[in-house]
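The sequence and structure come first.

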Amino acid sequence: YSVGQFDQPPEIWSANIDGSDERRLTSVHAEFLADVFTSDWEQILYESYDGTPIEGFILHPHGYDKDSNAEYPLIVVNHGGPHSASGYGFNFKNQLFAANGYFVFLPNFRSSTGYGDDFKWGTWGAWGTKDGEDALSGVDHLIERYPIDSARVGSTGHSYGGILTNWLITRYPDRFRAAVSGAGA
């Protein structure tokens with residue numbers, strides 16, 4: 001399911017430790033950012049194949065019309081680290097992909113930070129296994145809920161994101177049409 005759609009560029013926010021009482025603290029460059037952000041973001045919550053809850057974010061293609069019959073390609077952008085995380089924010093490449101008609105998916109797979117120590121160390125000694133399943137189950141989740149062309153899914157990432165991209169395209173070669181691995185193994 002999807003929650004938390006934002007229609008403005010992200011800035012600095014604050015919330016209670018449990019996530020309640022979320023509020024915006026700044027609006028620096030809001031007018032400029034409103035012009036350069038081409039698409040809406042959504043927080044995506046889904047379960048991996050083994051039932052582990054996973055959070056990700058999706059950027060809609062520029063001009064996306066949910067009522068249209070059009071299907072869109074999807075690019076999975078795997079973060080580096082692996083101890084890092086993706087979220088709302090301006091990223092030139094992601095905006096460029098969205099501006100050119102792609103859904104952009106940023107999964108926070110196991111080993112991502114911000115979800116506790118067990119989650120952060122969930123891939124210890126087995127890079128690619130659980131985190132790869134987390135990313136791919138997110139792709140399946142999105143294909144079920146958005147007009148995504150399952151024959152036009154790509155993967156990219158830099159550093160650990162490149163390693164995960166390499167792992168995904170070799171483990172699931174029939175699932176990805178294209179891949180760009182930056183500084184992967």
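Which residues of α5 are buried? In α5, these are Tyr160, Gly161, Gly162, Leu164, Thr165 and Leu168, where buried means under 20% relative accessible area with a 1.4 Å probe, protein chains only. This is a predicted model, in which local features need pLDDT of at least 70, side-chain atom pairs count only at pLDDT 80 or more, and totals for chains, interfaces and linings use all residues. Residues are numbered from 1 along each chain as its sequence is written, and side-chain values use heavy atoms, without hydrogens and water.

**Confidence**
- Mean pLDDT (the predictor's confidence in each residue, from 0 to 100) is 88 for the protein, and 90% of its residues reach 70 or more.
- Over residues 1–9 pLDDT stays under 50.

**Helices** (DSSP runs of H or I, at least four residues; strands are E, at least two)
- Helix α5 (residues 160–171) has 12 residues, which should span 16 Å at 1.5 Å a residue, and its end C-alpha atoms are 16 Å apart, in agreement.
- The expected span is 1.5 Å times one less than the number of residues.
- The buried residues of α5 pack against β6, α4 (130–145), β8 and β9.
- Buried residues of α4 include Asp131, Glu133, Asp134 and His141.
- Among the elements covering the buried residues of α4 are β4 (41–47), β5 (53–59), β7 (103–108) and α5.

**Second largest pocket**
- Of the 19 residues that line the second largest pocket, Val77, Asn78, Asn91, Lys93 and Asn94 lie nearest its centre.
- Two or more lining residues come from each of β6 (72–78), α2 (92–99), β8 (148–158) and β9 (178–182).
- A pocket is an open set of points on a 1 Å grid over the protein atoms alone, where a 1.4 Å probe fits, with protein on both sides within 12 Å along at least five of seven lines; lining residues have an atom within 4 Å of a point.

Key:
Contact = heavy atoms within 4.5 Å. Buried < 20%, exposed > 50% of the residue type's maximum accessible area, 1.4 Å probe, protein only.
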